[in-house]
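Please look over the model shown here before reading the notes on it.

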Amino acid sequence: GLNFIDLMVRQGNIDNPPKTPLVPGFECSGIVEALGDSVKGFEIGDRVMAFVNYNAWAEVVCTPVEFVYKIPDDMSFSEAAAFPMNFVTAYMMLFEVANLREGMSVLVHSAGGGVGQAVAQLCSTIPNVTVFGTASSFKHEAIKNSVTHLFDRNADYVQEVKRISTDGVDIVLDCLCGENTGKGLSLLKPLGTYILYGSSNMVTGETKSFFSFAKSWWQVEKVNPIKLYEENKVIAGFSLLNLLFKQNRGGLIKGVMDKLLNLYNNKKIKPVVDSLWALEEVKEAMQRIHDRGNIGKLILDVEKAPTPLMANDSTETSEAGEEEEDHEGD
């Protein structure tokens with residue numbers, strides 16, 4: 001599975017980025033080829049999905065058994081690779097951190113992305129939950145049925161939300177950061193919860209930009225604890241990767257995965273796969289994420305052959321005299 005965090009890793013927009021060379025990727029699906037001596041509960045040949053602390057974009061992956069889960073019989077490998085990161089993140093934010101209950105309202109940014117779609121589906125499992133979403137306008141037709149109210153990502157969504165719900169919302173899920181932090185806090189009802197789980201506004205170009213990094217943090221309003229106390233608001237952060245790999249909460253995540261797979265088996269949720277890409281096409285796949293062009297999850301498929309160039313695709317000659325392919329996307 002490809003995630004926005006992979007793009008941030010590539011650009012160095014994370015704390016303590018790993019030294020190169022490295023194989024990126026944090027989730028995958030496949031077939032068990034070998035087991036450690038003390039591994040129980042799995043057999044060679046089992047269909048599984050897994051979290052991996054890097055190295056997921058490979059033909060062979062090794063990861064501790066606590067991060068591995070069996071795939072339901074009717075779930076495809078591509079759906080399984082799209083499942084763990086998005087749905088566990090969405091579930092834990094909604095139910096473990098924000099305590100989503102009947103009749104509440106949720107604002108989620110990037111509603112057309114993998115986490116956004118998972119949030120929308122999980123909210124639909126609770127009665128009378130209102131979902132406000134922001135997304136690029138070209139995605140609206142495809143995702144309009146998954147959220148209650150949909151706004152253009154460049155519009156003044158604060159005023160739009162308040163026009164519909166004068167009190168604001170109970171939960172704000174923010175993957176953007178920057179000026180949206182203050183906007184999100186301003187929209188919270190008393191006892192509402194704001195959760196920051198990403199900072200995609202820092203990614204503005206092909207490489208890490210100190211200017212965009214500084215601008216994004218400069219726009220974050222300083223949070224006054226006394227004001228939180230007076231307004232009865234909760235501010236929280238959530239990082240699934242830190243929870244798994246730095247804070248040793250694999251057991252907690254396993255319990256969440258059991259609940260999610262039960263929801264999947266009961267046909268309450270289903271991962272949305274945007275497109276499949278060959279390993280050789282990872283550049284084009286990451287560009288699609290960078291440009292926020294995807295609806296749902298992008299998947300790298302080790303068995304997929306690269307898509308042949310179409311007649312109207314351009315080829316340019318590099319300085320080395322070799323022809324370079326310019327894929328326009330899948």
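Predicted model: local features only at pLDDT ≥ 70, side-chain atom pairs only at ≥ 80, totals over all residues.

Residues are numbered from 1 along each chain as its sequence is written, and side-chain values use heavy atoms, with hydrogens and water left out.

**Strands**

- Helices (H or I, at least four residues) and strands (E, at least two) are DSSP runs, numbered from the N terminus.
- Strand β7 (residues 169-174) is paired with strand β8 (residues 188-196) in the parallel sense, over 5 bridges; pairing requires that DSSP finds at least two bridges between two strands.
- V169 has L188 in β8 as its bridge partner.
- Between β7 and β8 the chain passes through helix α7 (residues 180-187), in a β-α-β crossover that is right-handed (with the strands pointing away from the viewer, the path from the first strand over the helix to the second runs clockwise).
- β8 also runs parallel to strand β9 (residues 234-237), joined to it by 4 bridges.

**Helix α3**

- Helix α3 (residues 84-97) is mostly covered, with 11 of its 14 residues buried (buried means under 20% relative accessible area, exposed over 50%, partly exposed in between, with a 1.4 Å probe and protein chains only).
- Among the buried residues of α3 are P84, F87, V88, Y91 and L94.

**Salt bridges**

- The whole structure holds 11 salt bridges, each defined as a side-chain nitrogen of Lys or Arg within 4 Å of a carboxyl oxygen of Asp or Glu.
- One of them links E160 and R163, whose closest N and O atoms are 2.9 Å apart.
- E160 and R163 are 3 residues apart in helix α6 (residues 157-164), about one helical turn.
- An α-helix has 3.6 residues a turn, so residues three or four places apart point the same way.
- E160 is partly exposed at 29% relative accessible area, whereas R163 is exposed at 59%.
- K254 and D258 form another salt bridge, at 3.5 Å from N to O.
- Both K254 and D258 lie in helix α11 (residues 250-265), 4 residues apart.
- D258 is partly exposed at 43% relative accessible area, and K254 is partly exposed at 42%.
- K233 and E231 also meet in a salt bridge, at 3.3 Å from N to O.
- K233 is buried at 15% relative accessible area, while E231 is partly exposed at 32%.
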